[in-house]
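Thanks for asking me to go through this one with you.

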Amino acid sequence: MLWYKGWLETRFRVLFVFGIILFWVVLILRNIDPPLPRAVVENLLNSLTFFLLMIPVILAGAGINTQRILFGTAKGLHGSMYFTLSLPVSRFRLLATRAGLGMLETIGVLAALSCVAWFMLPAPRVYLTCSDLFAYWMTVCICISAFYSLSVFFATFLGDQEQMGASGILIMILLLISRAVSVPSSVNIFRAMGQSSPLFTHTFPWASMGVSLGAAGILFLAAMRVVQTREY
Amino acid sequence: MADPVIETQELHKSFKGNEALSGLNLNVPAGSIFGFLGRNGAGKTTTIKLLMGFLKPDGGNARVFGLPATDADASVGIRRRVGFVAEEKDLYPYMTVQQIIRFTRSFFPKWRDDLGERYLRLFDLPVSRKISDLSKGMRSKLMLLLAISHGAELLILDEPTEGLDPVAVEDVLRELVALAAAEGTTIFFSSHQLEEVEQIADHVCIIDRGAAVVTGSLDDLKAQYQRLRIVLAEELRTPVDWVDGAEHVRQEGRTVEILARRNVDAILNQARALPGASVERFPVTLKEIFMEHARRN
């Protein structure tokens, strides 16, 4: 039932991020008149990447601190952490269940957005094949996992809002650095969701995906370490 | 004496250089109702958090059901057998009463539906109301329901009656006693309400600055302590050097009051030897014992 608690905490967040990104996607794609120059499409994809990075920041959690429902009350959240800790489950299970649920929600939101964009809007069908879109979805899911784990890591020792703030700021700093400094494109995770994505290259950016998965694994292990050693 | 359900030896814990526990030794017998007393900051909540595995000690050891509370795996096993009410009476604000009961039930295979329903009725809890809309008293009652209904062998309750009205306090205390009697559940609870502790506890521990200063069965403690009132023919001109055991001596005019802990008979003899002394002895209340230690420290 830990997943149920996680779902009650995050269900409105899922709707919120889905609604915001869908709004942006529909707004942009409805007014596109194909064909567009590649530079314009790249710019659109960069903007989309920015929105997609919001998803892990908002949906991540570590399962020990109780999270508020989007804009709901914060009253009693800290105290309820002791109720969670008193349950006969290991801290690892609390972390893994909540982190796993948030990642599944992230994957689900990305899938739903891809489906809506494909079936309801004409523009993507002009430029893309269904398999391109599927490859893009898979790439984004894997590339976003590093940022998701970063948010989970912050959630192990920060409160709900502080975690969102810290993750959001750090991800934005990394995004700006990746644009300002010449990071090799083969390992640039942001680029793998934009210019180097399967939408343009029709192939998976394996190196970037590997880097992302590696970073996600390391950050998750760090989160696990914090949760297991921390005192409450 | 029954095997201890909770046992701590030389338990130490500091926070940023401040010593919260300084060698706490605790022995909670199985089936007892154990009152854990102390002033604010004495170390009660820290002890409870250590027993529940939320904190790790700096030294010493703590065992619950013979299992080390500091071991992560053993702690899961301990929590399966323990019903817990935290000092903060907070639960997930977004769940309804029904949802949190269903949620908690899923973790405890020995959940007792009969107890759950009984306490829902007794505490008059509205099942469809959100926890964020419950009063503090109702949240306290709900936490007690969750702690009791999972068939726990040990209840660890941190200020369980805090926020309850006097009628609800009586209901809760009566139910705790009934539970201990009917199910053999050990109840370890901290409280500032000395009358409550005296009403239901059969064992107590008074903790001060992280160490136990008084511990034992309440009956033994009451037998140990006596209050003596000596009325003299005339006011004493020079102070009396009372024998060891006269813990607190207060003189007002011709009347001397003594709280005696040991050597009560020797103190009585010493008092009777004073000119024109008439001596009465009274049983002491837990509050008097507590206040004596609070004053001394």
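**Notes on the two chains**

1. Let me begin with one residue of chain B: B:Phe65 counts as buried, with 20 C-beta neighbours inside 10 Å. The word buried is used for a residue with 20 or more other C-beta atoms within 10 Å of its own, exposed for 12 or fewer, and partly exposed for what lies in between, with C-beta atoms placed from the backbone. B:Phe65 sits in the loop between S4 and S5 of chain B. Its phi is near 55 degrees, a positive value in a residue other than glycine.

2. A word on the ground rules. This is a predicted model, in which local features need pLDDT of at least 70, side-chain atom pairs count only at pLDDT 80 or more, and totals for chains, interfaces and linings use all residues. Residues are numbered from 1 along each chain as its sequence is written, while chains are lettered from A and ligands numbered from 1 in the order in which they are written. Helices (H or I, at least four residues) and strands (E, at least two) are DSSP runs, numbered from the N terminus.

3. What is the strand order of the open sheet in chain B? The 4 strands run S2-S1-S4-S5, with antiparallel pairing; two strands pair if DSSP finds at least two bridges between them. Strand S2 (18-29) and strand S5 (67-68) of chain B are the edge strands, each pairing on one side only. Strand S1 (residues 4-15) and strand S4 (residues 59-64) of chain B are joined in the antiparallel sense over 5 bridges. In S4(B), B:Gly59 stands opposite B:His12.

4. Chain A is built from 11 helices and 0 strands. Its radius of gyration is 18 Å, close to the 17 Å that the globule rule gives for 232 residues, so chain A is as compact as a globular protein of that length. That radius is taken over C-alpha atoms, and the rule is 2.2 Å times the number of residues to the power 0.38. Along its principal axes, the C-alpha trace of chain A spans about 60 × 35 × 25 Å. Buried residues make up 40% of the 232 residues in chain A.

5. Which residues of H2(A) are buried? They are A:Leu48, A:Thr49 and A:Leu52. These cover an arc of only 105 degrees around the axis, which puts them on the same side of H2(A); the arc is that of the directions from the helix axis to the C-beta atoms. The face turned away from the buried side carries the exposed residues A:Ala39 and A:Val40.

6. Where the chains meet, 24 residues of chain A are in contact with 21 residues of chain B; contact requires C-beta atoms, placed from the backbone, within 7 Å. The largest share of the side of chain A that touches chain B, 5 residues, comes from H4(A).

7. Finally, A:His202 is in the loop between helix H10 (198-201) and helix H11 (206-229) of chain A. Its phi is near 60 degrees, a positive value in a residue other than glycine. A:His202 is exposed, with 12 other C-beta atoms within 10 Å.

How values were computed:
Contact = placed C-beta atoms within 7 Å.
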